[in-house]
Every structure is written in C-alpha cells, then in structure tokens.
Amino acid sequence: MGKIIRLASCACGTVQCEGVGAPIVSAVCYCSDCQEGGRKIEALPGAPRVLEADGGASYLTYRDDRFRCVSGAEMLVAHRISDRAPTRRMVASCCNSGMFLKFEPGFWISSYRLRYSGDLPPIEMRNQTRSRRAETAISSDVPSFSRFPMRLFAKLIRARIEMLFGL
Ligand SMILES: [Zn+2]
C-alpha cells in the first residue's frame, strides 16, 4: 500500500512540495521566533497568511527524507529572523508564500499547514503557549503546553530511530 502524499503549494502554484506518509507531528507553535518569523513573511508584498488567527504557527513536521519540493524549488528564498538564527524559513519568492522552515541541526522540516489543501491530519498539540499573545482564550480541543512537552521529544526521538533503521 502506498503512503499518502500531501501537497503543499504556494499561492500562485509555482512552488509545490510534498510530504510523504504521516508527519512526525501536527502541532501549533507559539514560540516568539515562530510568531515573529511568520509575521515577517506575512508582511511581504502580497503574502498569504502563514499564521493562525491567534498568532500561532501551525505545522506539519516531516522527516527530511519524507519531504521534498517537486517543482519551483529554485524560487525558494531563505529568511532568517537574525543573522545568526539557526532556522531558515523558506519563502516562495514568486508570490511570497511561506512554505516551510528548517532548523539547522534538526533532521526534520516543519511545513506551514496553511499551504496544504485537502484532508489533513488533526492538530495534536499546541506548544510554547507561554509566548502566546492573543486576547482570545486558547482552544482546548487539544492539549496545550507552556514549553515543548516531553511527548514532542518522544515523537522526534522515535522518528530519528526509525530513520536510522531505514523504516
Ligand atoms: Zn508562488
């Protein structure tokens, strides 16, 4: 049985990336870097949204070997919130769509949920809520954590082990 492939597209359709199989995690991050990085992308001319209404950044996080750009990769431009920042946010320069981010030392990429269409895995958790600034109450549909929870690290460790064993 083939793995489900989800397509992430920039607003104009030039840049297309695909995530293969189930993501490591589907989560919203409220850390200050994710909020600031997202706001900076959204401030680019004509940029579509990358953040949720409450400022959170919702991601489908995939292993590096389960995510790739299938067209328009040459249009991707890296944005960093500072010169020394370890995270590159990749923006489709054709239409200023934030596509995904890459944390340098990590083996995963986090792609913006808002770039996808169709049937998506449900959000599993909201993280780093201590930096959430919205006036509205946080949704209680899934667990919220003030920092990064152990269950997130457990998912990353499991994914890393599976990757090492070629699973
Ligand atoms: Zn585009």
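Modeller: Let's start with a term: four donors count as tetrahedral if all angles lie between 85 and 135 degrees. Donors are N, O and S atoms within 2.8 Å of the metal (3.2 Å for Na, K and Ca), and sites may look incomplete because water is not among the atoms. Keep in mind that this is a predicted model, where local features need pLDDT of at least 70 and side-chain atom pairs count only at pLDDT 80 or more, while totals for chains, interfaces and linings use all residues. Residues are numbered from 1 along each chain as its sequence is written, and side-chain values use heavy atoms, with hydrogens and water left out.

Biologist: Thanks! Which residues coordinate the zinc ion here?

Modeller: Cys10, Cys12, Cys94 and Cys95 do, each through SG, at 2.2 to 2.4 Å. The 4 donor atoms subtend angles of 102 to 120°, so the arrangement is tetrahedral.

Biologist: And how do I read a salt bridge?

Modeller: Look for a side-chain nitrogen of Lys or Arg within 4 Å of a carboxyl oxygen of Asp or Glu. This structure holds 11 salt bridges. In one of them, glutamate 42 pairs with arginine 49, with the closest N and O atoms 3.8 Å apart.

Biologist: Is arginine 126, which meets aspartate 141 in a salt bridge, buried or exposed?

Modeller: Buried means under 20% relative accessible area, exposed over 50%, and partly exposed in between (1.4 Å probe, protein chains only). Arginine 126 has 9% relative accessibility, so it counts as buried, whereas aspartate 141 is exposed at 55%. Their N to O distance is 3.0 Å.

Biologist: Which residues are linked in a network of salt bridges?

Modeller: Arg80, Arg88 and Glu104.

Key
Tetrahedral: all angles 85-135°; square planar, octahedral: opposite > 155°, others 65-115°.
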